[in-house]
Amino acid sequence: MRLCPAPPIPESAMIETVRGKLLEEGLVSAGDRVLVAVSGGADSVALLHLLHSLGHQLDLVLSVAHLDHGIRPESVDDADFVRRLCRDLDVSLTVERVDLPSLARERRQGLEEAARDVRRSFLLEVAGREGSAAIALGHHRGDQAETFLHRLVRGSGTTGLAAMQPKSGPFIRPLLEVSKAQILDYLARHGLGHVEDGSNADLALTRNRIRHELLPLLRQFNPRIEEHFARLSKRLAGEEDFWRGEELRALERVGRVEAGELWLEREGLLALHPALRSRVLRRALAQVRGSSMGICAAHIEALDEVLSGRRPQAECHLPGAWAARRYDRLWLRRSPPGPAPVVSLSIPGPGRYRLPDGNELAVSLEDGAWGEGRDAVEFAAAKVSFPLLVRTVRPGDRFRPSGMEGRKKLKDFFVDEKVDTEARGRILLVEAFGEILWVAGVRRCEGARPEDASGTVLRMVLNRQGVSTIRL
């Protein structure tokens, strides 16, 4: 059976299509102020005229924003065209001009990427200033097909292939199910003019090549290919809505926020189906970055490799984020942690000593042993002499761990104890005349133990956050 292009929608049906979209999708509410992005092209002119026609019926207050990218000399004429259009419709207008090529160079972005970012920022700023509840964009079914193909050739997963949605944050797209032919027919019926952007024919831009070369080729196989891609994107969007719930539940099970950073349990992540795991990693990364913008499949694959690889401590740098495996957990934050400060503190005798990390070291001489614990150690006073030195770890450090024979590299000891890289930099050592007595809060050295309860005992207690555990 031969598929034929869809016929133009009659004027009244076109208006009802947009009206239905606005109401059924909850794009606007009565009394809303709506900012319409108008470039002067056919799509945005039709969008403004349609919303203006429906404005009284839906109780909408419209305003318009136009951004002149400063790429073409004739862009000044485009802005004048939009001014005349807004004057005829009695709609307020905000116009701004930027030097996009210069901005793109400064940001080291391509023109397409820079244009998208600058336009988005401009629209959000104007909408915020005017108190607009929604920002209306003129994307239509053809744009949806181009976005689908653009992301497909770029290697996007199903999340990206869901393409544009009728509503994403403050942005709404009432024309998303309308074809370009139907938009042009609408303009002709109403005698509305529009401007043509010459840069839309520049085949150096990927999106233009898709529009002028790839889509026409695909139409030879299926004349309704744009309609097909629109339906597929809509179906994928529905599935994405389902997956979002699964992602959130899984992330709640395996994730925990500590001091504004995200920690994920490795075992729990690896137990997830790979399809769900990649989505959870993507959502976790977006949560840390504040946005999923710019995250692609390669970044998720790199993150999964860190998670499932053989190295118990590995890390990777991602756009706007840093990730590291630390033994049984995956650590996500905006940027790598800074180096721990170098500490070197002399302990001339008994007393309380404030440490740079806010903790306290209490040193005392006792008549007998009181017992050791995680944060308390005791030594025969006769075998340990002042001054003591409290310091951070140095390369090549060795000591004799309690319960073990011989000396051991501190680095190897940390590996055996699964002490992660950042914790190693924060750990303090207590030494006497070059001999490490105590890896504070972790392990004491072998030897120099109190010989009996009646001998003088050197007792050291690490009071975390200044909470005392020493007997006075």
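Visitor: Does arginine 189 count as buried, partly exposed or exposed, and at what relative accessibility?
Guide: Arginine 189 counts as partly exposed, at 45% relative accessibility. Buried means under 20% relative accessible area, exposed means over 50%, and partly exposed lies in between, with a 1.4 Å probe and protein chains only. Please keep in mind that this is a predicted model, in which local features need pLDDT of at least 70 and side-chain atom pairs count only at pLDDT 80 or more, while totals for chains, interfaces and linings use all residues. Residues are numbered from 1 along each chain as its sequence is written, and side-chain values use heavy atoms, leaving out hydrogens and water.

Visitor: Which side chain meets arginine 189 in a salt bridge?
Guide: That of aspartate 185, at 2.6 Å from N to O. A salt bridge here is a side-chain nitrogen of Lys or Arg within 4 Å of a carboxyl oxygen of Asp or Glu. Side chains of opposite charge can pair when their charged atoms come close.

Visitor: How many residues apart are aspartate 185 and arginine 189?
Guide: They are four residues apart in helix α8, so about one helical turn separates them. Helices (H or I, at least four residues) and strands (E, at least two) are DSSP runs, numbered from the N terminus.

Visitor: How many salt bridges does a search of the whole structure find?
Guide: It finds 40. Some share partners: Lys21, Glu25, Glu177 and Lys234 are joined in this way into one network.

Visitor: Changing topic, which residues touch the most other members of the largest nonpolar core?
Guide: They are Leu22, Val36, Leu48, Leu62 and Val64, in a core of 37 residues. Such a core is a set of buried Ala, Val, Leu, Ile, Met, Phe, Trp, Tyr and Cys residues joined through side-chain atoms within 4.5 Å. Among the elements that give two or more residues to this core are α1 (11–24), β1 (33–37) and β2 (61–68). The largest share, nine residues, comes from α2.

Visitor: What does leucine 48 touch?
Guide: Leaving aside residues up to four places away in sequence, leucine 48 touches Val36, Val38, Leu62, Val64, Leu85 and Leu89. Contact means heavy atoms within 4.5 Å. There is also a second, separate core of 31 residues, including Leu355 and Phe399.

Visitor: In what order do the six strands of the open sheet stand?
Guide: The order is β3-β2-β1-β4-β6-β5, and the pairing is mixed. Because β3 (92–97) and β5 (167–168) stand at the edges with a single partner strand each, one side of each is left without a neighbour in the sheet. Two strands pair if DSSP finds at least two bridges between them. In this sheet β1 and β4 pair in the parallel sense over three bridges, and valine 36 stands opposite alanine 136 in β4.

Visitor: And β10; how many of its residues are buried?
Guide: Six of its six residues, 321–326, are buried. Ala321, Ala323 and Arg325 point one way, while Trp322, Ala324 and Arg326 point the other way. Strand β9 (residues 313–318) pairs with β10 in the antiparallel sense over six bridges. The two form a hairpin with two residues between them, and glycine 320 in the turn has a positive phi of about 75°. On β11 (residues 329–333), five bridges join that strand to β10, also antiparallel.
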